[in-house]
Amino acid sequence: FPVTIRPVEVLVVVAPSTTDGTIEILRNREDLIILHQTGKGIGDARNLGISEAKGRWVAFLDADDEWLPYTLEIQLKLLNDNSAMVAMGSLIKIQEGLHENKSLESMQAVTPGGCLFDKDVFSLVGNFDTHVEVVADHKWFMIARMKNIKFAYHQELILKKYMHGHNMSIVRRQQYRNELMELIRSERL
């Protein structure tokens, strides 16, 4: 599939601990804006991107995920057609070592990489919580639902989520579980 809509700007948030040569590779790209994260956690990285984004629409893509070429076109059309603040598609999880041509079941992409956000939604819901390191995304979606933010859903596959031994939810599995349980038990978000 050809890419039909390209991002107006691409912001890359780089963690302070990045030492794998990523920054050097990115510096050679004139079409990117590199942001250096000063805090920690996924929420802090996402918030930095939101604060620096100039456009009306915000989309996230983690380093180990992949959009399909038509992702932005489908998401933008859905937002415009439904007067929604968040468009959400489907994803497949691809396990490390498996070939993509295996039959994989898609699921609703309840993850920022599977959504396109109207930037104004962050004024209504708030930014991602920086006090939790692993479940900031879950918490944001829970608050958005509690505030009755309008989501528009579709079944199109728009995100490939690669699962491997370095995923934060795997590496920090116990922290992930603890934060998630605390979030579920919490009376106030």
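Lys-77 and Asp-81 pair up in a salt bridge, with their closest N and O atoms 2.6 Å apart. Here a salt bridge means a side-chain nitrogen of Lys or Arg within 4 Å of a carboxyl oxygen of Asp or Glu. The two residues sit 4 residues apart in helix α3, so about one helical turn separates them. An α-helix has 3.6 residues a turn, so residues three or four places apart point the same way. Both Lys-77 and Asp-81 are exposed, where exposed is over 50% relative accessible area, buried is under 20%, and partly exposed is in between (1.4 Å probe, protein chains only).

A word on the model: it is predicted, with local features needing pLDDT of at least 70 and side-chain atom pairs counting only at pLDDT 80 or more, while totals for chains, interfaces and linings use all residues. Residues are numbered from 1 along each chain as its sequence is written, and side-chain values use heavy atoms, leaving out hydrogens and water.

**Helix α3 and its two faces**

Helix α3 takes in residues 71-82, 12 residues in total, and runs 17 Å from its first C-alpha to its last, close to the 16 Å expected at 1.5 Å a residue. That expected span is 1.5 Å times one less than the number of residues. Helices (H or I, at least four residues) and strands (E, at least two) are DSSP runs, numbered from the N terminus.

Which residues of α3 are buried? They are Thr-71, Leu-72, Gln-75, Leu-78 and Leu-79. These residues cover an arc of only 135 degrees around the axis, which puts them on the same side of α3; the arc is that of the directions from the helix axis to the C-beta atoms. Their packing partners are β3 (57-59), β4 (65-67), β5 (86-95), β7 (115-118) and β8 (151-163). Lys-77 and Asp-81, our opening pair, are on the face turned away from that buried side. Just past α3 comes Ser-83, with a positive phi of about 50 degrees.

**Helix α5**

Now for α5, residues 136-146, whose buried residues include Trp-140, Phe-141 and Ile-143. The buried residues of α5 pack against α2 (42-52), β5, β7, α4 (121-125), β8 and α7 (173-185). After α5 you'll meet Asn-148, which has a positive phi near 60 degrees.

**More salt bridges**

How many salt bridges does a search of the whole structure find? The search turns up 7.

| Pair | Closest N to O distance |
|---|---|
| Lys-77 and Asp-81 | 2.6 Å |
| Arg-29 and Asp-31 | 2.8 Å |

Arg-56 is exposed, at 51% relative accessible area, whereas Asp-118 is buried, at 5%. There's a network of salt bridges as well, linking Arg-46, Asp-62 and Asp-137.

**The whole chain**

Stepping back, the chain has 7 helices and 8 strands. Of its 189 residues, 40% are buried. Taking contacts (heavy atoms within 4.5 Å) with a separation of 6 or more, 67% are between residues 24 or more positions apart.
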